[in-house]
There are 2 protein chains.
Amino acid sequence: MEIGSLVFDNMDQIDFTGPFEVLSRLPGHTHHSYSPTGDAVRDVRGLTIVPDGAIADAPALNVLHVPGGRGVDVLMENEEVLTWLRKQSGSVVLSVCTGALLLGAAGLLTGRRATTHWASLDLLAEFGATTVDDRVVVDGDWVFAAGVTSGIDGALTLAARLCGDEVAQGIQLYMQYAPEPPFDAGTPETAPPKVLAATRADMAEVTQRRRETIRRIMSGHAHP
Amino acid sequence: MEIGSLVFDNMDQIDFTGPFEVLSRLPGHTHHSYSPTGDAVRDVRGLTIVPDGAIADAPALNVLHVPGGRGVDVLMENEEVLTWLRKQSGSVVLSVCTGALLLGAAGLLTGRRATTHWASLDLLAEFGATTVDDRVVVDGDWVFAAGVTSGIDGALTLAARLCGDEVAQGIQLYMQYAPEPPFDAGTPETAPPKVLAATRADMAEVTQRRRETIRRIMSGHAHP
């Protein structure tokens, strides 16, 4: 069984590396990463990752993993990547964070129950998805994880579906995933109001530009 | 303020990439990664990461971050790396998983309260450390995280100490770190007995070889 992760410039690296920790350990499965050109990619904070190949080199995947991050804004209008996503999303898909927006831009979210990063959650409706404000959302063979670190929870959920609970639990034990965040501040509902306001302000411009990009894409679809 | 992460072949990538997600976002701090030679490194499951430079190129660090993984077994006897750790560990240190064994091999754990991955926890005593079975252990300016994913909790703890609670909470909110593991199986105490037995068996040979390496190193120190 072939698992493939899309990697790209300005992704958020842990959207990829969190699930990689789980997916690369699934018995009977082989994991590879693919960038649009096969070149190394640089995440939004500067981490350089060398993929296993270009998307054009990927075999037919049994599991497609799509991370998110700032870089999705450009890729939402990259026809080569969107065509590849359409081709590779036939069986199992793990969407992490704003990777869901890429799947939406590829026209793959219509009628699906889906989630994404809290700051982009209302954008999913633009693609005809039913927005679900849960950390992990399972819709048929697709698993959607919310923002960034939720990809770890999503990948473990997927691991259990693909290989059974004991395999997922063994990986969880190996990676000592019994989280103890020092604060209860990981969601808009739990973060201190001042912290939420500052984080929203930091992300406002990106979110507004993203909304405009999505509306341009969707109006293009409506009037080809 | 300069933050530097050691990266190396056969590390466990999320020991590095989990904290990177936090440390690369600290205001007033610059993050770089350094491999022993400056060449790209391949993690134990095959992820290739390109560092920013070689350890010999690193400036004096204000924060040293040491991940772990299988690769520590070789590095525990690499004098160049051990010398570098001794030189760079003067101020703040974040040890993740079996990165603690590297710090121990460098002679830096004597008298410290420390933790590491559950499967290697009893090995810390060989280095003269006081073993603490907590997920995150703070000892003066040093923060020790237990296994693998605990590096995220350790990095957020360190972020709060370096930049204040609100900065750490803002990063936690951005990365939507409100974990919901699908199972309660992340520690030896909570994992199903069958899963624990299988995982222990998988790790037994590595752990035994590691114990022999440490005893060889420590007997060399005792009788130089």
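1. Some ground rules before the tour. This is a predicted model, in which local features need pLDDT of at least 70 and side-chain atom pairs count only at pLDDT 80 or more, while totals for chains, interfaces and linings use all residues. Residues are numbered from 1 along each chain as its sequence is written, chains are lettered from A and ligands numbered from 1 in the order in which they are written, and side-chain values use heavy atoms, with hydrogens and water left out.

2. How do the two chains meet? On chain A, 59 residues are in contact with 59 residues of chain B (contact means heavy atoms within 4.5 Å). The area buried between chain A and chain B is about 5,300 Å², and carbon and sulfur atoms give 62% of that. On the chain A side, A:Leu173, A:Gln176 and A:Phe183 lose the most area to chain B, together 15% of what that side buries. Buried area here is the accessible area (1.4 Å probe) that two parts lose on being put together, summed over both.

3. Now for the holes. On a 1 Å grid over the protein atoms alone, a cavity is a set of points where a 1.4 Å probe fits but cannot get out, and a pocket is an open set with protein on both sides within 12 Å along at least five of seven lines; lining residues have an atom within 4 Å of a point. Grid points are joined across faces, edges and corners, and a volume is the space filled by probe spheres set on the points.

4. The largest pocket has a volume of about 620 Å³. Of its 27 lining residues, A:Arg25, A:Tyr174, B:Thr199, B:Asp202 and B:Met203 are the closest to its centre. Both α6 (165–174) of chain A and α7 (193–222) of chain B supply at least two residues of this lining, and α7(B) gives the most, with nine. Helices (H or I, at least four residues) and strands (E, at least two) are DSSP runs, numbered from the N terminus. By class, the lining has twelve nonpolar, seven polar and eight charged residues.

5. Which elements give two or more residues to the lining of the second largest pocket? They are α7 (193–222) of chain A and α6 (165–174) of chain B, and α7(A) has the largest share, six residues. This pocket's volume is about 510 Å³. Its lining counts 16 residues, with A:Asp202, B:Arg25, B:Gly170, B:Ile171 and B:Tyr174 nearest the centre. Eight of the lining residues are nonpolar, two are polar and six are charged.

6. The structure holds two cavities of 30 Å³ or more. The largest cavity has about 140 Å³ of space, and the closest to its centre among 15 lining residues are A:Gly69, A:Arg70, A:Met203, A:Arg210 and B:Tyr174. Here too α7(A) gives the largest share of the lining, four residues. The second largest cavity, the one from point 1, holds about 30 Å³. Residues of both chains line that cavity, including A:Leu47, A:Thr48, B:Phe16 and B:His31.

7. Next, look at strand β11 (residues 142–145) of chain A. A:Trp142 and A:Phe144 point one way and A:Val143 and A:Ala145 the other, and all are buried (under 20% relative accessible area, where exposed is over 50% and partly exposed lies in between; 1.4 Å probe, protein chains only). Strand β7 (residues 92–96) of chain A runs parallel to β11(A), joined by four bridges, with A:Ser95 partnering A:Phe144. Strand β10 (residues 136–139) of chain A pairs with β11(A) in the antiparallel sense, also over four bridges, and A:Val138 partners A:Val143. Two strands pair if DSSP finds at least two bridges between them. In the hairpin of β10(A) and β11(A), A:Gly140 takes a positive phi near 60 degrees.

8. Over in chain B, seven strands form an open, mixed sheet in the order β5-β2-β1-β6-β7-β11-β10. Its edge strands, each pairing on one side only, are β5 (53–54) and β10 (136–139). β2(B) and β5(B) pair in the parallel sense over two bridges, and B:Ser35 has B:Ala54 as its bridge partner in β5(B).

Notes: Nonpolar A, V, L, I, M, F, W, Y, C, P; charged D, E, K, R; others polar.
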